[in-house]
Every structure is written in structure tokens, then in C-alpha cells.
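Subject: Structure handover

Hi,

Here is the structure you will be working with. Please open it and keep it beside this email as you read.

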Amino acid sequence: MIANEVRTRFAPSPTGFMHLGNLRTALYAYLLAKKDNGTFILRIEDTDQERFVEGAIDIIYRTMKDTGLVHDEGPDKDGGYGPYIQSERRDIYKEYAEKLVELGGAYYCFCDKERLDELRLVQEASKLPTKYDGYCTKLSKQEVRAKIDAGVPYVIRQKMPKDGTTSFDDCVFGKITVENSTLDDNVLLKTDGLPTYNFANVIDDHLMHITHVIRGSEYLSSTPKYNLLYEAFGWEKPVYIHCSPVMRDAQHKLSKRDGDAYYEDFIAKGYLKEAVLNYIALLGWAPSGEQEIFSLSELTQVFDIKGISKSPAIFDINKLNWMNGEYIRKMSVQEFLTHAKPYLDTLKRDVDQALLARLLHDRTEKFEDIPDMIDFLDEMCEYDCSMYKNKKMKTDEALSLDILKKVLPLLEQTDDFSEENMHAIMFGLVADLGVKNGIVLFPIRVALSGKSFTPGGSVEIAALLGKEETINRIKGAIAKLEAALS
């Protein structure tokens, strides 16, 4: 390791899709490393085999690649500190757990499930904290050896001091101090030989020379236990940066049920990966200036852990929609069409997709909105004739009927339904009548779409629909208005 090199790690568990909170942790770890030309490491923490989900590691790789958070070391890029998958490091953990026993920082525990369950029930009935009572610390070395030789199943527990306090400094939350008497003798090595998270992350962080640990604030209460492990081994502690959670609102976390928890959820809804990454960077972190739109390279330059807030970050979907819209508007129309095409292809009617993309480009916040914006092209929306009454446009039902009767023969007389010719016909009628544009164009828009607001106006809608459908919809609107006014 290069002296004073910043080395950060992202250590997800392969339990499913990538939660936005986890992706934010990965982003901050990446930015901190890259800002100082350091090393960003990917480590897979799969010791909890019961929660392992098949294919989840592939999801981790795919998400990291998709967002541009490319790791320098990991299972597929050995930097000399591997293996980078915890289940492949079983022998390492066993070695260090046994070494910790020799150092007096841990001990063998042979208590079976029945005794532990009984202990917990007694403590609950006595309204005492539920934690291990240290029973096996009384065993002599000879008793321990005899049980091991006899094949009695065991775990290795951390031996906590019973008096005094343990403190650590966090870059976000400041100095944290806990009473040692409140700490439980947690299991470090399970009966199956695999470590618990509490043990494995300390061993790995030390052996991989991690200098800065960025993780969720839910680990604040566990960090004193980790520091006691560092002290027992005589190791240097890393710099701690704990981030508050991302919340849906003041009381609720992001949840899968609401479709707002996972990165893949938002990509499936038509959000751009660049916008999602930009937005989660601002969830709990504030840049020094007023700028809010950042590329990944720009974030690398401006990121500073001093901007991380103690307060939980509230996920504002409207802010994300705005930001995604800003990214969409930066696209060329052709780029937009490439992203929008799967949504445009849902139309049953054959339309000019290039024209439709141009109309949607500046009106789209997320691509998932497109089908609802263009549904009228397939089928005329149901509407009430009162829609023709519009104060801003100075139109009403009777005036609208008159306009539609005037434009109908003009449309029937031409076979050229290009955008240019539709513009010439409709604006020619405006000029002939000597009225404002809206008086002519608004009734035609409603007649062709059944909506007050559409991507594009009457000119573009007529060009998209073509002659036959445009004439049919105008005739239908005339009949509807005549019936309403009779």
C-alpha cells in the first residue's frame, strides 16, 4: 500500500437488488477515494448464507458498472488483498478468531440453543437487557480443550470489558461514548466456521488496509465493539464516516412495497442512471455552492465529507423528477428517441416517431410518463363539451363548433398532412378570421385529442394522425357539440 493512500470499500451483501441507501454508500466511498487518487474496493459480504439470493452478485456488478462506480480491486480485480468474497476467507477468520482468544479478547462458548433460549426468557421476565451472561468465560483452558477434542459445537465470542467506557470519533456525528457494561459478548465465529459481520468486517478492513469506512448510521452503536477488536489486536483504527438513512418521509424508510427502494425500480420507471446517481449524491450531502446538476467526474472534484448531514435525508420524488427532466433536456432529440422508443412502440397507430420525439423531448420528466401523454393518438379520449370553454383562449362551445366547421372543408380538400401544410392551413384560417391563434387552435386540439394539454398542438397532432383519422375526429367533435348545444 502506498503511504497515506486513501483506500475505501463498498461491501454489499448479495441479498437482492441494490437499495438506494446502499448505492449512496458506494457512491460516497467511490468519490472519497477518487478525489484523492486513492483506491476503491468492492468486497462481497456473503457470510449470512440464509439471506443469500442467487444472482445477487451479478446485480451488484451490473449496477456498479451501469452507474460508473468502477472498482479498482474486487473479486474480479485482485489487487493483492484477496479473496474479496468473505465466504472464500473462512480460514482467515478462524485464524484471527483463535488468535484473539490467545490475546484474551475472545473466548470459546459451548452453550447450546436451549440454554440461550432459557437465559433470554429469564432476562425478559426480569426486565433485564437480553445479552449473554458470560457463563463460558469461567471454563478453564483444560475444560475448553476437552470439549473441543470431544467435538462439542462451539462459537467464539468477543470478551467485552465490564467497566469503563469506549469512545470513538466519527466525521459526521462527532465523539460517541458508550458504557462497556451495556455491550454484549457478541458471537464472532459461528458454529459453521463462518464469521459474523461484526468480526469479518474488522478483519477484512485491516487486512485490506481500509483507511476510511463509510456506512449507515445504524452501525454507530456497534462501532465501539469494532474498536475494541482493533485495540485487542493492536491495530490502527480507520476513519469513520456514518451516514443517516434515506427516508420516504419523517416516519418511514424507503420500501420495496412502494417501489421506491431499489435502483432497478427507478431505471424501470424510465429514470436516467445519471440523474438517479446525481440525486442520491444530494441525499444527505450538500455541495458548497448552489450547483445541483453534477456529472460523476464533477462530483469527484467537489465531494467533501464535511457536507454530510447528521439528519436523515428525505427522498423527494418531485425533486428527482425535476432533475431527471433536466438530464433529458440535455439530450439531443435523437438520443431522446433512442431512450423513448420502447415507450413509443406501445402505440398501435403508425406515427412519425421522430416528430413525436421532438414534441415530447421538452415535456418529459421520466420516460414512464410517455404512454399516458400519447394515449390519445391510439384512441380518442372521452371528454365533456365544457372543455371547449376556456377563458384564457376566449373560446366556448358555440365558437368552437363554428371553428371546427370552418376548418373541416380545408382539411378535406388536401391530401398533404405534413406538419408544414397543417401549419399553413390552420394559421391561414387564423389570418382569414382575424382572431388570436388560440381561438382556432384550441378547439382543434380538443377535437383531435380530448385533452386540454398535449405534447404538440393541433398542427402536430393532425400531422401525426393523418388525414382519415383527423377528419373522422373533427366530424365526431362537430356532432358532439351540435348535440350538446341543441
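Below is what was found in it, region by region.

First, some ground rules. This is a predicted model, in which local features need pLDDT of at least 70, side-chain atom pairs count only at pLDDT 80 or more, and totals for chains, interfaces and linings use all residues. Residues are numbered from 1 along each chain as its sequence is written, and side-chain values use heavy atoms, with hydrogens and water left out.

Helices (H or I, at least four residues) and strands (E, at least two) are DSSP runs, numbered from the N terminus.

**The start of the chain**

Strand E1 covers residues 7–10 and runs parallel to E2, with 4 bridges joining them. Two strands pair if DSSP finds at least two bridges between them. Arg 7 stands opposite Thr 39 in E2. Now look at E2, residues 39–42. Thr 39 and Ile 41 point one way, Phe 40 and Leu 42 the other way, and all are buried. Buried means under 20% relative accessible area, exposed over 50%, partly exposed in between (1.4 Å probe, protein chains only).

**Helix H6**

H6 spans residues 197–207. It is largely enclosed by the rest of the structure, because 8 of its 11 residues are buried. Among them are Phe 199, Val 202 and Ile 203. Their cover includes E1, helix H3 (90–103) and helix H7 (223–233). Here contact means heavy atoms within 4.5 Å. Just after H6, His 209 takes a positive phi of about 55°.

**Helices H15 and H17**

H15 is residues 397–412 and H17 is residues 437–449; their axes come within 9 Å and cross at roughly 85°. Axes are lines fitted to C-alpha atoms, for helices over the stretch in contact, and angles run from 0 to 180 degrees between N-to-C directions. The two helices are therefore roughly perpendicular (65 to 115 degrees; under 35 is roughly parallel, over 145 roughly antiparallel, the rest oblique). Leu 399, Ser 400, Ile 403, Leu 404 and Val 407 in H15 meet Ile 439, Val 440, Pro 443, Ile 444 and Ala 447 in H17.

**Met 422**

Met 422 is found in helix H16 (residues 419–433). Is Met 422 buried or exposed? Met 422 is buried, with a relative accessible area of 0%. Met 422 and Ala 463 are 41 residues apart in sequence and 6.8 Å apart in space, C-alpha to C-alpha.

Best wishes
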